Amino acid sequence: MSRTALRICPLCEATCGLTLTIDGTRVTGARGDREDVFSRGFICPKGAAFPALDGDPDRLRVPLVRENGELREATWEEAFDAVAAGIRPVVERHGPHSVGVVLGNPNVHTVAGALYPPLLLGALGTRSVFTASTLDQMPKHVAGGLLYGDAGAIPVPDLDRTAHLLLIGANPLESNGSLCTAPDFPGRLRALRARGGTLTVVDPRRTRTAELADRHLAIRPGADALLLAAMAHVLLEEDLTDLAHLAPHVQGVDELRDAIRDFTPEAVAETCDIDAVTIRALARELAAAPTAAVYGRIGSCTVPHGTLASWLVDVLNILTGNLDRPGGVLFPQAATDRTPRPVGPGRGFALGRWHSRVSNHPEAKGELPISALAEEIDTVTAEGEPIRALVVVAANPVLSAPDGDRLDEALDSLDFMVGVDPYLNETSRHAHVVLPPPPPSQSPHHDFAFNALAVRNQVRYTRPAVPLEPGRMAETEILARLVLAATGGHGTDPAAVDALVIEQTLRKAVGEPHSPVHGRDPRELAAHLTGENGPERRLDMMLRLGPYGDGFGVRPDGLNLDRLLAHPHGIDLGPLRPRLPQRLKTVSGRVELLPRPIADDLPRLREALRERPDGLVLVGRRHLRSNNSWMHNVPALTGGSNRCTLHIHPEDAVRLGVRDGAPVRVKGAGGEVTVPAEVTDRIRPGVVSLPHGWGHDRPGTRLTHASTTPGVNVNQLLDGSRLDPLSGNAVLNGFPVEVTAGG
């Protein structure tokens with residue numbers, strides 16, 4: 001007999017509510033949950049494919065352990081014995097930094113990925129930390145850290161109330177939004193147009209989002225920061241700024257005026273390939289709109305001036321008075337956020353507290369550039385030990401990071417590697433131990449990360465829709481045991497990890513004067529926590545201590561786990577609200593409009609005014625049915641438009657003798673690939689495009705469907721040397737390539 005169960009979709013940042021149809025223990029259908037307080041029934045092709053992805057026969061069901069060079073199935077006990085025996089000796093012989101940790105994008109889509117990796121990093125004490133953030137979003141974190149004193153302070157556009165939206169390097173009709181959690185982003189943009197609002201899209205491709213816009217500007221790739229700087233120049237030059245309510249909280253306007261004096265529309269026009277008249281019109285329209293929001297994403301982050309572009313996005317929102325304003329951009333408040341601290345100066349944000357061993361890259365937000373991972377493994381220097389052991393959680397950097405061929409070889413040289421992954425993929429095939437988490441239907445879900453980026457405050461939680469299959473281990477337990485095995489606690493009850501976190505958190509909370517539990521007994525508070533297991537008790541604790549929480553009985557109508565479980569479709573917490581100055585953690589206690597690292601990087605942007613690329617440059621692209629490389633193993637999510645082809649403009653195709661559908665050779669600094677051409681006027685002349693996440697042709701994987709249409713790895717065109725210096729983010733867009741007809 002069929003039944004239904006609710007599940008929040010974990011497949012992209014939109015976090016839509018799903019209603020699953022379940023036959024026995026198998027998910028057979030998925031549709032949008034019409035009663036979900038946030039998504040209201042919206043679903044995209046990825047959510048509709050949830051049953052196929054959940055039941056993919058290639059998903060690993062038991063651990064794998066390497067023996068005599070081959071991976072074999074093993075028991076969980078054998079697997080964690082091997083982890084403890086592999087990592088601890090490396091730490092003891094070579095120190096904590098000789099163990100690297102790589103965290104992939106899917107970590108932020110699971111309860112376990114949110115709760116346990118910080119414990120692993122803290123317990124190991126390693127500085128060799130790499131995440132997917134330096135492939136897409138680190139510039140936003142660095143800009144937020146420098147402006148507001150907190151790398152997590154990322155304001156999001158108030159989509160449902162704005163009158164004017166400028167998107168730069170963003171294609172939410174395909175991505176469903178990024179660093180802006182908004183179910184039915186397409187519907188929200190159409191609603192903006194329907195209420196008389198204006199939508200402008202800046203993108204070198206005529207994307208589906210661009211086709212919806214009032215105005216599409218096909219900028220030259222990599223020139224985003226120049227365009228934004230020129231717009232800020234116009235606002236200041238023509239006295240169009242209006243800080244309004246922000247004025248008491250902002251410093252550095254005059255210094256900014258001097259710093260961007262050279263970036264006139266006329267000076268940047270040729271490099272941007274957007275005329276000065278249009279640039280001035282963009283700035284004036286932004287200033288004149290009753291409410292407005294500028295939103296930049298991956299296209300503006302993965303370029304040589306990614307941090308400057310991200311900073312300037314916020315500068316435009318600040319100069320027009322649209323930061324922290326309904327209809328502008330605001331800081332969301334998640335239910336699991338920490339108790340709001342008192343208004344006042346904070347510790348601020350610092351870059352470069354340590355550097356990578358080989359190329360001396362500065363850390364950002366505690367991370368090193370993932371582009372440097374291979375050299376940190378395979379290069380011996382006098383500056384400390386190379387990485388000898390690696391913990392990889394839900395990441396596939398052989399495909400997602402530059403120069404996968406070099407990383408492929410480097411991984412083979414490790415003393416030990418453990419991967420937490422449901423698949424044997426291009427990266428996990430190198431592991432000595434693979435620990436497979438269960439499919440999403442057998443796991444709980446709460447969006448710790450994305451609720452802090454949501455366009456409406458709300459809270460939702462779903463327990464596993466299907467009981468844990470015999471022989472499987474919950475992902476929360478896998479990661480808790482990994483923490484213990486990697487840090488000398490192998491054999492300890494994994495429940496002790498959650499118990500320790502609860503004890504330490506409550507002990508700290510009762511000592512904070514602004515906490516709702518100040519002065520109380522932490523043991524008495526712990527006794528009030530509910531939940532079926534340690535992770536649920538931790539969620540209950542975070543809800544109770546959070547900004548909407550019951551404060552352990554202080555606010556009877558406040559949030560706790562029991563109340564949340566009583567609302568299976570979620571609880572709406574209202575529209576985004578202004579949060580300044582409370583959100584500021586800078587040393588000055590104000591928005592620091594021209595931080596020193598930004599000012600020091602502006603001369604590099606001035607040099608870009610003289611750049612005139614005369615060859616082809618490449619940009620990436622995303623498909624609606626693809627978010628991560630492992631989705632290519634689901635037949636329902638491949639085919640149609642989701643193909644690995646090189647988009648090339650007809651003018652360039654004629655000039656190069658390229659025919660539609662014929663193979664072309666694409667060469668970059670890191671290597672070359674051969675791929676079918678797709679001649680299309682949806683991309684501007686001088687630019688070609690390849691999608692990310694492909695290249696499933698390496699031996700030793702178990703990706704049956706993906707290997708039948710492997711595509712090519714666009715990141716192999718890069719050698720890893722192109723980085724945004726402030727954030728360490730890889731430059732994945734706007735880099736030069738050579739295209740030749742024929743294979």
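Modeller: First, the ground rules. This is a predicted model, where local features need pLDDT of at least 70, side-chain atom pairs count only at pLDDT 80 or more, and totals for chains, interfaces and linings use all residues. Residues are numbered from 1 along each chain as its sequence is written, and side-chain values use heavy atoms, without hydrogens and water.

Biologist: How many helices and strands are in the protein chain?

Modeller: Helices (H or I, at least four residues) and strands (E, at least two) are DSSP runs, numbered from the N terminus. The protein chain has 27 helices and 26 strands.

Biologist: What radius of gyration does the protein chain have?

Modeller: The radius is taken over C-alpha atoms, and the globule rule is 2.2 Å times the number of residues to the power 0.38. For 743 residues, a compact globule would be near 27 Å; the protein chain has 25 Å, which agrees. The C-alpha atoms fill a box of roughly 65 × 65 × 60 Å along the principal axes.

Biologist: What share of the residues is buried?

Modeller: Buried means under 20% relative accessible area, exposed over 50%, and partly exposed in between (1.4 Å probe, protein chains only). Here, 62% of the 743 residues are buried.

Biologist: How are two packed helices described?

Modeller: By the angle between their axes and the distance between the axes. Axes are lines fitted to C-alpha atoms, for helices over the stretch in contact, and angles run from 0 to 180 degrees between N-to-C directions. Take α11 (residues 224-237) and α13 (residues 265-272): the angle is about 160 degrees and the axes are 9 Å apart. The two helices are therefore roughly antiparallel (over 145 degrees).

Biologist: Which residues of α11 and α13 make the contact?

Modeller: Contact means heavy atoms within 4.5 Å. From α11 come Leu 226, Leu 227, Ala 230, His 233 and Val 234; from α13 come Pro 265, Val 268, Thr 271 and Cys 272.

Biologist: Where is Asp 324 found?

Modeller: Asp 324 lies in the loop between α16 (306-319) and β14 (329-330). Its phi is near 60 degrees, a positive value in a residue other than glycine. At 3% relative accessibility, Asp 324 counts as buried.

Biologist: And which residues does a cis peptide bond join?

Modeller: Leu 580 and Pro 581, with omega about 5 degrees. Pro 581 sits in the loop between β19 (571-575) and β20 (591-592).

Definitions and conventions:
Parallel < 35°, antiparallel > 145°, perpendicular 65-115°, else oblique.
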